[in-house]
Every structure is written in structure tokens, then in C-alpha cells.
Amino acid sequence: MSSESNPKVVLAYSGGLDTSVILKWLCEKGFDVVAFCADVGQHHEDFEAVKAKALNAGALKCVVTDLRKEFVTDYIFEALKCNAIYEGKYLLGTSVARPCIAKEMVRIAAEEGAGFIAHGATGKGNDQVRFEMCAQALDAKLQCIAPWRDAEFIESFKGRSDLLAYCTKHGIPVDAKPKSNYSIDENLFHTSYESGVLEDANETYEESMFKMTVSPQAAPETSTTIDLEFVKGVPVKLTNKTDGTVKTDPLELFMYANEIAGANGIGRIDIVENRFVGIKSRGVYETPGGTLLRDAHMDLEGICMDREVKRITEGMGIEFARLCYNGFWFAPEMDLIRYSVDYSQRDVTGTVTLELYKGNIIARGRTSPYALYNPDLASMDIEGGGDNFDYNPSDAAGFIRINAVRLKTYAALRAKTQE
């Protein structure tokens with residue numbers, strides 16, 4: 001029962017073992033708990049069951065918010081526009097979801113008059129940083145409770161057996177299925193697998209682990225051909241040329257991209273990455289639709305984007321990824337990057353044709369009303385630049401000599417110092 005004298009906390013709640021224990025523990029500590037569950041596209045999640053479990057564990061209420069469309073348009077597509085990728089491989093599937101969730105969590109805290117938020121992230125991971133940095137950026141008055149950094153909580157719950165015993169004591173229902181061999185994070189952008197047997201960096205995984213993709217070996221023997229249309233760097237239409245399916249709604253488009261890319265064995269990676277807290281971590285990720293859309297977007301930029309703008313935005317994409325991964329989504333430097341990237345995308349409009357086959361994304365063509373590519377200028381069969389460009393191949397000799405000056409100077413210095 002709520003009491004006006006009790007402090008109120010909004011708990012990021014999944015319905016899993018950890019957050020169910022945390023919910024009850026917070027109640028025992030005298031908090032009125034509002035459980036918050038974000039629908040960001042978790043696979044086959046029964047949110048009514050999650051809500052009932054939260055109320056049974058002592059929550060005043062459980063708020064479930066459908067954030068799927070916002071997640072796609074305001075977060076995933078923002079990362080896509082700058083081809084964001086962390087350490088050359090990771091497409092930020094978990095990282096980019098956290099600010100979306102944190103923003104809604106802060107909104108609910110304001111609506112409920114809560115002075116606290118809480119989460120079940122561990123003290124060794126990135127998510128604790130992401131949730132709390134985003135919350136502080138949006139409402140500096142909010143205080144955060146992180147039980148897995150609380151000495152009393154850690155002393156009480158030293159392992160899974162302690163958590164299960166606590167649930168039994170308090171009548172909290174527990175999933176009877178055996179514990180997975182992996183720690184799994186799911187949303188519509190990706191599924192990640194960490195911990196368990198994967199903590200051995202040389203240990204392989206079972207094929208049955210994957211939820212969103214088939215293996216390339218098990219993918220169909222026939223390819224799928226698609227057209228992806230972009231306007232200002234954002235995908236607006238996906239056409240399956242093989243069966244005629246067309247998607248234009250952002251959420252439906254992204255979900256369908258997941259479906260066809262996953263069915264063709266696209267989007268798996270296995271990496272050892274550097275966490276912001278200084279720990280190396282192994283993760284196996286599947287990001288089928290994101291991999292497909294990023295590949296198409298990069299291809300279209302090749303025909304639409306100026307060389308020097310491309311060079312600068314590549315650096316911005318790396319910085320965007322770093323900031324997102326480290327929890328700085330709502331930082332001023334991230335605003336700077338996002339506004340700059342928007343400017344760079346003003347002419348990234350057109351269509352890319354791709355063939356999907358057994359884990360491969362094969363470019364088959366691209367077209368744009370803003371193409372900088374000129375066939376006459378590029379042709380080996382036309383001397384000069386055609387009718388519209390004054391290009392004289394003999395000018396290249398002077399261009400090469402000027403650019404070689406510093407190389408000759410450096411070589412002369414090296415020759416002198418080695419005498």
C-alpha cells in the first residue's frame with residue numbers, strides 16, 4: 001500500500017529473476033515501487049504476465065510502454081545515418097536502446113512524482129553507466145539506486161541460489177526452465193549473448209542459441225533481391241523484388257528487414273570488445289536488419305556524397321558510436337554530431353538494389369537524383385570529361401608532382417640521416 005511518507009522509485013523492470021528480487025527488496029527498504037517495462041521489441045514477450053508478476057511482487061503499478069516505433073525512428077535510424085559501428089564490428093544494438101528506455105523512465109518518474117530510479121545492471125557492465133548518465137542528463141535531481149553496487153544487497157545475494165531462495169520465501173514465481181548458458185539481451189534491433197560459456201573467449205556456441213538469424217549454411221539456396229529507397233539518409237521503402245512485398249512504415253520496414261536478412265543468414269558477429277568501465281568482454285550478436293540497412297546506406301552514400309564530406313562523416317560515425325556506447329547520447333557533443341550528420345545527409349536520397357544470399361549482401365545497382373557520379377567523367381572510353389566537364393588527363397602530371405613534393409622532401413631527409 002502506498003504511503004505519502006514513503007519515497008517513490010521507478011524501477012526498470014524486465015520480469016526476470018534479478019529485477020523481481022530487486023523490486024521486492026526495494027519494497028522492504030520502504031520504497032513505493034513503480035515498475036516500468038519498455039517494449040523495444042523483445043521476442044515473444046508476454047507483457048501482461050510481466051505486469052501481473054510485478055504487482056504480485058509488491059509494485060504499486062506496472063507501466064508498460066510501447067517504444068518500438070520511437071526506437072526505430074529516433075534512435076536506430078539516427079545511428080544508421082552516420083553508419084555508426086563500435087570497434088569496427090558492433091552495431092550498438094544494446095547501446096542505442098538504453099537512451100530510448102532511460103528517456104521514458106525519466107518521463108514516468110516526473111509523472112509519478114518519483115525522486116528515484118533503479119535498475120538491475122551489474123557493477124561490471126556498461127548499462128549502469130548508460131542508464132544513469134542518460135537520466136542525469138535529462139533530470140539532474142533524480143537519484144539512482146543500483147542494488148548490484150550496494151554492499152548490503154551483494155552480501156545478501158551472492159549467487160543465483162540466494163535469489164531463488166528469496167523468491168521462494170516471498171512467493172515470487174520463477175521461470176521453471178533451466179537457466180540459459182548465456183546472458184541474453186533482446187530488442188528489435190538485435191539479440192546479444194554474453195557470459196556463461198562465452199566468458200571463455202575460445203569457446204564456441206551452439207547453433208540453437210540464435211533467435212533472429214539462420215546460419216549461412218542453412219539459408220536458402222536461392223537468393224532474395226530487394227530495393228531499398230532512402231530519403232535524406234533514412235530508409236522509406238523496402239521492396240522485395242522476389243515476391244513483391246513492399247514496406248513503407250518505419251517499424252514495419254525495419255521488422256521486415258530483420259525477417260529477410262535473418263532468413264538469409266545475415267548479421268552475426270562474435271567479438272571481444274572494450275567496455276567503457278575498462279573491462280574486455282566477449283559478445284555474440286545478431287543484427288540482421290541493421291546490417292542490411294547500413295550496407296545499403298553506405299552504398300548509396302558512395303554515389304551521392306562528396307569525397308571530403310564522406311571523410312569527415314566517417315570520423316563522426318566513429319565518435320557517434322563511442323559516445324553512444326559509453327552512455328553520452330544526451331550530451332552536447334552528441335547533439336553536435338547528430339546535427340552535422342543531418343546536414344551531410346541532405347542529398348543521400350535514392351535507391352539501392354541488393355541481392356541477399358547465404359550471409360552475403362551483394363550490391364546490384366544504385367541510382368539517385370543527386371548522384372555526383374558521372375559516367376562520362378569516369379569513362380575510360382571518353383577522352384576528357386565529356387561535354388559537361390573540362391577534364392584534361394595531361395593535368396594529372398602536375399597534380400602528381402605537387403602531391404609528391406613532401407614525399408620527396410621526406411625521402412631526402414631519410415637518405416641524409418641514414419648516411
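**Stop 1**

Select Arg 282, a buried residue with a relative accessible area of 9%. This is a predicted model, so read each stop as a feature of that prediction. The side chains of Arg 282 and Asp 270 form a salt bridge, 2.8 Å from N to O. Two strands are joined here: Arg 282 sits in strand S12 (residues 280–286) and Asp 270 in strand S11 (residues 268–274). The partners are twelve residues apart, and the pair links distant parts of the chain. Is Asp 270 buried or partly exposed? Asp 270 counts as partly exposed, at 29% relative accessibility.

**Stop 2: Lys 211 and Glu 186**

Go to Lys 211 and show its side chain. Lys 211 meets Glu 186 in a salt bridge of 3.2 Å, N to O. Lys 211 belongs to the loop between strand S7 (191–194) and strand S8 (224–231), while Glu 186 is in strand S6 (residues 183–186). The two are 25 residues apart, another link between distant parts of the chain. Lys 211 has 44% relative accessibility, so it counts as partly exposed.

**Stop 3: helix H10**

Select Glu 308 and Arg 311. Their side chains meet in a salt bridge at 2.9 Å, N to O. Both residues lie in helix H10 (residues 307–326). They are three residues apart, which means a separation of about one helical turn. Colour by accessibility next. Glu 308 is partly exposed at 32%, whereas Arg 311 is exposed at 51%.

**Stop 4: a network**

Which residues join Glu 78 in a network of salt bridges? Select Lys 81, Arg 338 and Asp 342 along with Glu 78. Side chains of opposite charge can pair when their charged atoms come close.

**Stop 5**

Switch to backbone torsions. Most residues other than glycine have a negative phi.

Start with Glu 87, where phi is positive, near 50°. Glu 87 lies in the loop between helix H3 (68–81) and helix H4 (97–112). Its relative accessible area is 41%, so Glu 87 is partly exposed.

Finish at Lys 358. This residue is not a glycine, yet its phi is positive at about 45°. Where is Lys 358 found? Look in the loop between strand S13 (350–357) and strand S14 (360–367). Lys 358 counts as buried, with 19% relative accessibility, because the cut-off for buried is under 20%.

Methods. Residues numbered from 1 in each chain as written. Predicted model: local features only at pLDDT ≥ 70, side-chain atom pairs only at ≥ 80, totals over all residues. Heavy atoms only, no water. Salt bridge = Lys/Arg side-chain N within 4 Å of Asp/Glu carboxyl O. Helix = DSSP H or I, 4+ residues; strand = E, 2+ residues; numbered from the N terminus. Buried < 20%, exposed > 50% of the residue type's maximum accessible area, 1.4 Å probe, protein only.
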